[in-house]
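Here is a friendly walk through one protein model. Have the chain open in your viewer and follow along.

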Amino acid sequence: EMKLSSEQAKLRAAARELAESEFAPKAAEVDRTESYPFNNVAALKEAGFMGYTIPKEYGGRGGSFFEAALIIEEMARVCGATGRIAVEANMGAISAVMQYGTEKQKRMSAELVLAGDKPAICITEPEAGSAATEMATRADRRGGIYVINGKKHWITGGGVSKLHLIFARVFDQSGVEQGIGGFLAVAGTPGLIVGKREPAMGLRGIPETEIIFNDLEIAEDMLVLPPRGLRRGFADLINAYNSQRVGAGTVALGIAQGAFERALAFVKEREQFGRPIAEFQGLQWMVADMAIALNAARLSLHQAALSADPFPDPLLAAQAKIIASETANAVTNQALQLFGARGYSRDYPMERAVRDARMFTIAGGTAQVLRTLVASRVLGIKAPQTRDGYGKPTAAIRA
Ligand code: FAD
């Protein structure tokens with residue numbers, strides 16, 4: 001494990017204390033009722049963990065992504081949904097705005113997050129998943145506003161999030177495409193419509209919904225313009241998303257760590273054949289493999305978090321998310337196995353851990369797409385995925 005400074009060790013201890021006392025007892029209920037844990041959010045806000053990474057001049061704590069990762073793992077270790085809230089309140093959309101936004105955008109966004117909002121990032125569409133740059137949502141300039149039309153799906157926090165960072169193809173007044181941009185809109189704006197909720201497998205405390213834009217009007221000063229402009233807009237905005245990848249990987253790790261610790265306690269206590277099942281070598285080696293994988297995943301995540309300048313290195317973030325998400329699937333399943341039939345019961349938290357861990361090889365760049373990114377970097381070649389890609393490199397590859 002990375003050596004922590006005394007402040008970092010204190011931060012982690014405080015996060016654990018809050019997670020154990022406030023969130024652990026409610027985690028099963030959050031899952032069962034599929035309701036957003038607003039009370040947990042209030043406690044996170046109280047602790048300064050909503051907007052922990054927001055600079056002090058905007059009211060946050062000015063924390064690093066590494067420190068945020070320490071907090072996130074502790075939350076996810078007891079409650080995956082709360083872990084994900086801690087990610088989106090410190091990474092992803094909010095960090096993109098704090099890096100690229102105007103003064104007005106930063107003030108508005110910081111204020112919302114510090115008041116307890118978990119922003120939503122709206123990229124994926126029914127016909128544009130891994131091929132995100134093929135999105136059809138468009139923003140047409142009309143005078144001093146942009147008019148947005150289109151449909152997103154699988155948007156985390158749809159219906160509970162206030163701040164939305166919306167990715168759209170931008171067209172100027174005469175209908176010429178300018179590139180992909182990110183627009184800020186607040187829930188309640190006419191034309192910003194929450195569609196159907198997905199019946200998701202895990203992490204049921206957070207809604208995943210469609211978000212529909214029906215002539216949504218956004219003032220031009222709510223376009224988040226990265227330094228290289230709209231032509232490289234997607235690449236720059238997705239670069240900010242590397243922080244979210246590290247955050248998501250950390251939630252996967254935390255869920256697996258929690259399941260692992262429960263399994264350790266169980267194998268020492270459960271007896272069969274007249275002895276604790278921890279004495280069977282077959283199980284000892286399972287436990288060893290789980291410990292090895294968790295340690296490797298944590299180090300990879302921490303390395304990626306510490307590489308931030310201002311965002312985590314894309315290669316390190318991709319590697320870390322792959323190892324953390326795949327480790328989480330393996331370790332939660334092994335932990336369930338160690339519990340025997342109890343692991344399969346909804347009266348125990350093991351099946352929830354398996355369900356909760358499952359999304360992380362899919363969302364925020366699948367393990368396959370991220371492997372392509374890794375391969376492209378280590379080979380030092382472009383790896384366009386469209387058939388004519390080598391003739392016409394896509395924005396996704398430049399990202
Ligand atoms: P597809 O792109 O259709 O992929 C299907 C399969 O093909 C996958 O196995 C994929 O790996 C594989 N594949 C596709 N292309 C290639 C290729 N070139 N090479 C190899 N394999 C390939 N999106 C948002 O914008 N905001 C959110 O808040 C958000 N939250 C999410 C939360 C959850 C729980 C989930 C499950 C998804 C969320 N998403 C969100 C969407 C997510 O980012 C997409 O699901 C993801 O990018 C994959 O897109 P897709 O589902 O359309 O799969």
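## Two helices to start with

At what angle do α6 and α8 pack, and how far apart are their axes? The angle is about 125°, and the axes lie 8 Å apart. Because angles over 145 degrees count as roughly antiparallel and 65 to 115 as roughly perpendicular, α6 is oblique to α8. The crossing of these two helices is right-handed. Keep in mind that this is a predicted model.

To find the meeting place, look for Ser-95, Ala-96, Gln-99 and Tyr-100 in α6, which meet Asp-236, Leu-237, Ala-240 and Ser-243 in α8. Sorted by class, this contact has four nonpolar, three polar and one charged residues.

## Another partner for α8

Helix α8 covers residues 233-269, and it also packs with helix α9, residues 281-306. Here the angle is about 155°, with the axes 10 Å apart. That makes the two helices, α8 and α9, roughly antiparallel. Their crossing is left-handed.

On the α8 side, the contact includes Val-246, Gly-249, Leu-253 and Phe-260. On the α9 side, Leu-283, Val-287, Met-290 and Arg-298 are among the residues that take part. The class count for the contact of α8 with α9 is 14 nonpolar, three polar and one charged residues.

## The domains

Now zoom out. The chain is divided into domain 1 (6-114), domain 2 (120-228) and domain 3 (234-398). The centres of domain 1 and domain 2, taken over C-alpha atoms, are separated by 23 Å.

Where these two domains touch, domain 1 gives 21 residues and domain 2 gives 19 residues. On the domain 1 side, the elements that supply two or more residues are α2 (27-33), α5 (80-88), α6 (93-100) and α7 (103-114). That side has nine nonpolar, seven polar and five charged residues.

## Around the ligand

Which residues come nearest to the ligand? Out of the 20 residues around the ligand, they are Ile-123, Gly-129, Ser-130, Thr-366 and Gln-368. By class, the shell has ten nonpolar, nine polar and one charged residues.

Domain 2 and domain 3 each contribute at least three residues to this shell. Looking at individual elements, β1 (120-122), β3 (145-156) and α13 (367-379) each supply at least two of the shell residues.

Technical notes:
Residues are numbered from 1 along each chain as its sequence is written. This is a predicted model: local features need pLDDT of at least 70, side-chain atom pairs count only at pLDDT 80 or more; totals for chains, interfaces and linings use all residues. A residue is near a molecule or strand if its C-beta atom, placed from the backbone, lies within 6 Å of it. Helices (H or I, at least four residues) and strands (E, at least two) are DSSP runs, numbered from the N terminus. Ala, Val, Leu, Ile, Met, Phe, Trp, Tyr, Cys and Pro count as nonpolar, Asp, Glu, Lys and Arg as charged, and the others, Gly among them, as polar. Domain bounds come from an automatic or database domain assignment. Axes are lines fitted to C-alpha atoms, for helices over the stretch in contact, and angles run from 0 to 180 degrees between N-to-C directions. Angles under 35 degrees count as roughly parallel, over 145 as roughly antiparallel, 65 to 115 as roughly perpendicular and the rest as oblique. A crossing is left-handed if the near helix is turned anticlockwise from the far one by less than a right angle, and right-handed if clockwise. Two residues are in contact if their C-beta atoms, placed from the backbone, lie within 7 Å.
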